[in-house]
Amino acid sequence: MARALLVVDVQNDFTEGGALAVSGGEALAKRITAFLGRHAEEYDLIVASRDWHHGDDDNGGHFAGVEGPDFVTSWPVHCVAGTPGADFHPDFDTRTVDVQVFKGQGKPDYSAFQATTDDGLPLHEVLGAHHVTEVEVIGMATDHCVRASALDALAAGYAVEVIDDLVAGVDAERSALALAEVREAGGHISSSDMDEGLANPGGAVL
Ligand SMILES: [Zn+2]
């Protein structure tokens, strides 16, 4: 019985200034780092996924052609493997990350459960090897890859929690719907304690 934290796609192309920026992405990267500073030791395994696309093809129609992106199934070119856009955001401190998984290599992957390690091991097997039964999901984007990852985790039989103040979405309404969908599928939506510290930023004992 082990608990994993899955940090989804905190990459430059999904943060301000990136090819497919999620508003609030940079702030989220900082907040996740602060969260890890407080809580990393409470997880048996911390996994970070990255969108990791081919640069020389359209990744199964995931990259828009001349007609332009529809932002539903086709997108601007983003997170091409090995480019700065595919790097983790510099404010996301990955020192406590145990395993990285990569998705979208020639395919339109949204879920981290479609991702593999660089040795080709699927996420589900990585979690199995560590006896993980509970997965907490944070990262980006709530309405796309966080949603798909959480739903896949539930379908695979994990207990799933999405921490709602450690995610950022493209569209507020669709993000709220995504969290409702996760809840309906049996997942839990929780909040971190990250705002509690902010009420007393000096940390002084009163
Ligand atoms: Zn992608």
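Asp9 lies in the loop between strand S1 (2–8) and helix H1 (25–39), where helices (H or I, at least four residues) and strands (E, at least two) are DSSP runs numbered from the N terminus. Asp9 has a positive phi of about 55° although it is not a glycine. The model is predicted: local features need pLDDT of at least 70, side-chain atom pairs count only at pLDDT 80 or more, and totals for chains, interfaces and linings use all residues. Residues are numbered from 1 along each chain as its sequence is written, and side-chain values use heavy atoms, with hydrogens and water left out.

**Backbone features in loops**

- Asp9 is buried, at a relative accessible area of 0%; buried means under 20% relative accessible area, exposed over 50% and partly exposed in between (1.4 Å probe, protein chains only).
- Asn59, which is not a glycine, likewise has a positive phi of about 55°.
- The loop that holds Asn59 runs between strand S2 (45–51) and strand S3 (99–103), and Asn59 is buried with a relative accessible area of 0%.
- A cis peptide bond, with omega near -15°, leads from Met140 to Ala141.
- Ala141 belongs to the loop between strand S4 (132–140) and H3.

**Zinc site**

- The zinc ion has the protein donors Asp51 (OD), His53 (NE2), His62 (NE2) and His78 (NE2), lying 2.1 Å from it.
- Donors are N, O and S atoms within 2.8 Å of the metal (3.2 Å for Na, K and Ca); water is not among the atoms, so sites may look incomplete.
- Along the chain, the zinc donors follow the spacing D-x1-H-x8-H-x15-H.
- The angles among the four donor atoms are 89 to 170°, and the site is irregular.
- Four donors count as tetrahedral if all angles lie between 85 and 135 degrees; four count as square planar and six as octahedral if opposite donors are over 155 degrees apart and all others between 65 and 115; anything else is irregular.
- Asp51 counts as buried at 2% relative accessibility, and His53 is buried at a relative accessible area of 0%.

**Packing of H3 and H4**

- The axes of helix H3 (residues 142–155) and helix H4 (residues 172–184) come within 9 Å and cross at roughly 5°; axes are lines fitted to C-alpha atoms, for helices over the stretch in contact, and angles run from 0 to 180 degrees between N-to-C directions.
- H3 is therefore roughly parallel to H4, a term for angles under 35 degrees.
- Residues of H3 including Arg147, Leu151 and Leu154 meet residues of H4 including Arg174, Leu179 and Val182, with contact meaning heavy atoms within 4.5 Å.

Terms used. Angles under 35 degrees count as roughly parallel, over 145 as roughly antiparallel, 65 to 115 as roughly perpendicular and the rest as oblique.
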